[in-house]
Each structure stands twice: as structure tokens, then as C-alpha cells.
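Subject: Structure handover

Hello,

Here is the structure I said I would pass on. My notes on it follow below.

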Amino acid sequence: VFLALLATVFGTMIASPRSFRAARNLMSDVKSPVASVALTLTGWPIGVALGLQAVSWVSQISEQLTTNLVLTAAGLIFSPVLAYFIIRWAIPPEELQQPPTITRIIRIIALILAALLIILTSLLLAYLMFVAGNALDKALGPFGFIGYFIAQTGEILRIITPGFAALAGAAVVGGALGNLGMLLNDRIPFSSLRYINFIVSAVAGAVIFAILGAAINWLYQIDDPFKTLWLPMAVGALVGGILSLRYGPKELVPIGSVIYLIIRTILNAVRSIEPLISVIVFVVWVGIGPFAGALALALHTIAALAKLYSEQVESISSGPLEAVTATGANRLQTIIYAVVPQIVPPYISFTMYRWDINVRMSTIIGFAGGGGIGFLLQQNIRLLDYRAAAVQMLAIAIVVATMDYTSAMIRERFV
């Protein structure tokens with residue numbers, strides 16, 4: 001149950017925001033100028049690198065604090081509090097006039113510091129959960145699985161922190177460069193904008209193809225810079241430049257539809273891989289045990305829930321969307337006030353249903369090294385201890401039936 005809960009919680013946290021970008025009705029009208037799209041694509045790899053580097057820097061501080069439990073607790077208390085007050089100061093609720101340039105620069109630096117403090121909080125929390133969970137695992141005896149659940153949650157938090165930091169850095173840098181592209185599109189004369197679009201598109205194509213070449217080199221160990229770096233960059237620059245000529249200097253690119261297709265393709269590819277196959281990969285990565293099973297279930301949960309969530313978003317009423325948009329609300333405000341109120345009940349229903357599926361699936365992945373009661377059941381069957389195997393099968397049936405009744409009660413209460 002806890003293995004399935006762990007996978008469902010983290011899967012829901014990642015699938016929920018992805019579902020809005022996988023909804024056709026929200027993405028079909030998203031369009032941007034060529035320069036904005038090209039600079040955004042160029043900024044994403046830079047942001048990912050900066051985010052990972054920030055985690056590396058903060059990890060060194062975290063390692064120093066975790067040598068002493070008092071320092072760890074103090075850092076965990078003061079870091080989020082300090083980050084909260086910094087964010088409140090840097091993002092005031094209302095301003096009557098544009099602040100000076102120096103003030104805006106200081107606010108940007110303050111927000112960067114707040115982001116570093118949030119990363120530090122996440123790493124310290126992951127460490128404390130891991131230590132406390134292992135201590136509870138030994139102290140609670142028959143109920144040690146609760147401590148193990150806490151420890152594994154901390155370990156997963158430690159693993160996903162660099163990923164979230166990389167995505168946040170990519171969003172910030174990509175968004176900043178995208179705004180610069182919008183500014184160029186508005187300020188640059190029509191005759192000069194075509195050349196700028198060609199240059200920035202060529203750079204974006206070169207960057208993307210260089211990343212693809214590095215990925216191919218990592219997979220096949222070609223170790224030839226001409227084939228994996230320079231040639232892909234040249235081809236990418238050529239493709240990007242040609243694509244920029246496809247649109248006029250001031251013409252908008254339907255980037256929303258492209259993002260929709262990419263995300264749906266990724267979700268379909270991930271969902272096509274069964275957790276029983278995924279757990280074999282994670283067992284090689286993190287070793288045999290429930291942690292590998294939780295990761296495999298979480299990966300499949302992300303793809304499955306994102307699909308269900310996005311389809312629910314696509315079926316909402318368009319009236320509230322049009323009403324909120326007519327008031328001048330931006331995209332985030334439209335989602336919060338027009339989309340979210342319509343999707344909360346089905347989101348809860350889908351999440352509970354997925355938890356029920358993960359409970360049953362956690363038994364199967366145990367046969368492939370995913371831990372849990374399935375791993376013990378496999379051992380007893382191989383040892384011909386059918387009495388113990390029968391008791392475990394009875395326990396599985398009781399747990400599944402209990403989960404079914406529990407989820408039905410929760411859906412009846414909230415849906």
C-alpha cells in the first residue's frame with residue numbers, strides 16, 4: 001500500500017502540471033514570434049545547465065550542514081522562512097510606478113537567492129527524512145514499514161530535486177530570452193527582423209542538434225567530435241535557418257500545437273512501457289527493493305494520469321474560459337479561475353483509481369525485483385513454501401478489497 005502511495009503521490013505531483021500542456025484546447029491558441037521561439041529554445045539548455053550547477057553548489061553547503069543534526073534542523077527551519085520573506089519583498093503585491101533599474105536588478109538577485117534556499121530546504125528535508133525513516137524502521141518493529149516509507153520518500157526527494165531545479169532554471173532562462181525575442185519583434189524594423197530571425201533560428205537549431213549528437217554519442221560511444229558535434233551543429237543551423245524563412249518576419253508560430261504534440265508523444269511512449277519492464281531498468285540503477293518498484297510505478301503513473309487529466313481538461317466547458325479571458329486575465333489566471341474549478345472532482349477520482357491500480361500492480365513488479373509482498377511471494381513459491389505463499393495471497397486479496405472500498409468512500413465524499 002505504501003509503495004503504491006509513494007508512486008501515486010509523486011506521479012500526481014508531476015502529472016498535474018504536465019496535463020495542462022497536453023490539453024489541445026489550452027495549447028492550440030498559443031502562438032509566438034519566430035525570434036521568441038528560437039531564443040526560448042536556446043535558453044532552455046542554458047537554464048538546465050545553470051539549474052544543475054546551482055544544485056551542485058547547494059549540495060556542498062548541504063553536506064556541511066548535515067554533519068551536525070542541530071545545523072541540519074536549523075537550516076531546515078530558517079531556509080524556507082528566509083526564502084518566504086525574500087520572495088514577498090522581491091514580488092510586491094502592487095506597485096503604482098515602475099521601480100528603478102537598480103531595484104529590479106536587486107530583486108532578481110534576491111529571487112535567485114530564494115531559489116537557492118528552496119533547493120537547500122529540499123536537500124536538507126530529504127536527508128532528515130532518510131535518517132529519521134531508517135531510525136524508525138529499526139525502532140518500530142512490525143510497523144517498520146512506516147519508517148521505510150519515510151526513508152524512501154526522502155531518497156526520491158533527493159533524486160528529483162536536481163530535475164526540478166533544472167526545469168525551473170530552463171523555464172526562467174527560456175522565459176527571459178523569449179521575452180527578449182518578443183521585444184525584438186516589436187522594436188526591430190520589418191526589413192531587419194528577417195535577418196535576426198534567421199540568425200537566432202540557426203543558433204537554436206545548432207544547439208538542439210548538438211544536444212542530440214551528444215545524446216547519440218553517450219549511447220553509442222562514437223567519440224568523434226566531427227560526427228557528434230560539428231556535423232550536427234551545421235545541419236541544425238541549416239534546418240533552423242530554413243524553418244525561419246518559412247514564416248514572415250512578424251508572423252506568429254503555432255508553438256502551442258507543437259508543444260502539445262511533443263508532450264503527447266512522450267506520454268504515449270512512456271505509457272507503452274509496462275512497469276514490469278521499467279522495474280528491471282530501475283533495479284539495475286538503484287538495486288533490488290521497493291525503491292525500484294516505486295520509481296517504475298511512478299513513471300507509469302505520470303504518463304497515465306497526465307493523459308487522463310489532459311483529456312478531462314479538453315472536455316471542460318468553454319464558457320468560463322471565455323468569461324475569464326474577456327476580463328483580461330493572463331494564461332495562469334485563466335487556468336486557476338476557469339479550468340481548475342471544473343477539474344478538481346475528476347482529478348480526485350482519477351488519482352484514487354490510479355492508487356488502486358498501483359496497489360495491485362505493486363504485487364506484480366515484486367516478481368521482477370521491485371520489492372514489496374510480491375518479492376516475498378515469489379521467494380516462497382520458489383522455496384515450495386506454499387503455506388506462507390497462500391497467506392500472502394490472502395493478504396493481497398484483503399488489501400485490494402480494502403483499497404476498493406476505501407477509494408469508493410473517498411470518491412463518494414469528494415467527487
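The average pLDDT of the protein is 86, and 97% of the residues score at least 70. Please keep in mind that this is a predicted model. Confidence is highest in helix H3 (residues 34–65), at 92, and lowest in helix H15 (residues 386–414), where the mean is 78. Where pLDDT is low, the predicted coordinates should not be read in detail.

One residue I looked at is Ser36, which lies in helix H3. Its relative accessibility is 5%, so Ser36 counts as buried, the cut-off being under 20%. Apart from neighbours within four places in sequence, Ser36 has contacts with Gly178, Gly181 and Met182.

I also went through helix H10. This helix has twelve residues, 275–286, and at 1.5 Å a residue they should span 16 Å; the C-alpha atoms at its ends are 15 Å apart, which agrees. The buried residues in H10 are Pro275, Ser278, Val279, Phe282 and Val283. They cover an arc of only 145 degrees around the axis, so they sit on the same side of H10. Val281 and Val284, on the other side of H10, are exposed.

What do the buried residues of H10 pack against? Their partners are helix H11 (290–314) and helix H13 (331–365). Just after H10 comes Gly287, with a positive phi of about 95 degrees.

Regards

Conventions
Residues numbered from 1 in each chain as written. Predicted model: local features only at pLDDT ≥ 70, side-chain atom pairs only at ≥ 80, totals over all residues. Heavy atoms only, no water. Helix = DSSP H or I, 4+ residues; strand = E, 2+ residues; numbered from the N terminus. Expected span 1.5 Å × (residues − 1). Buried < 20%, exposed > 50% of the residue type's maximum accessible area, 1.4 Å probe, protein only. Arc of directions from axis to C-beta. Contact = heavy atoms within 4.5 Å. pLDDT = per-residue confidence, 0-100.
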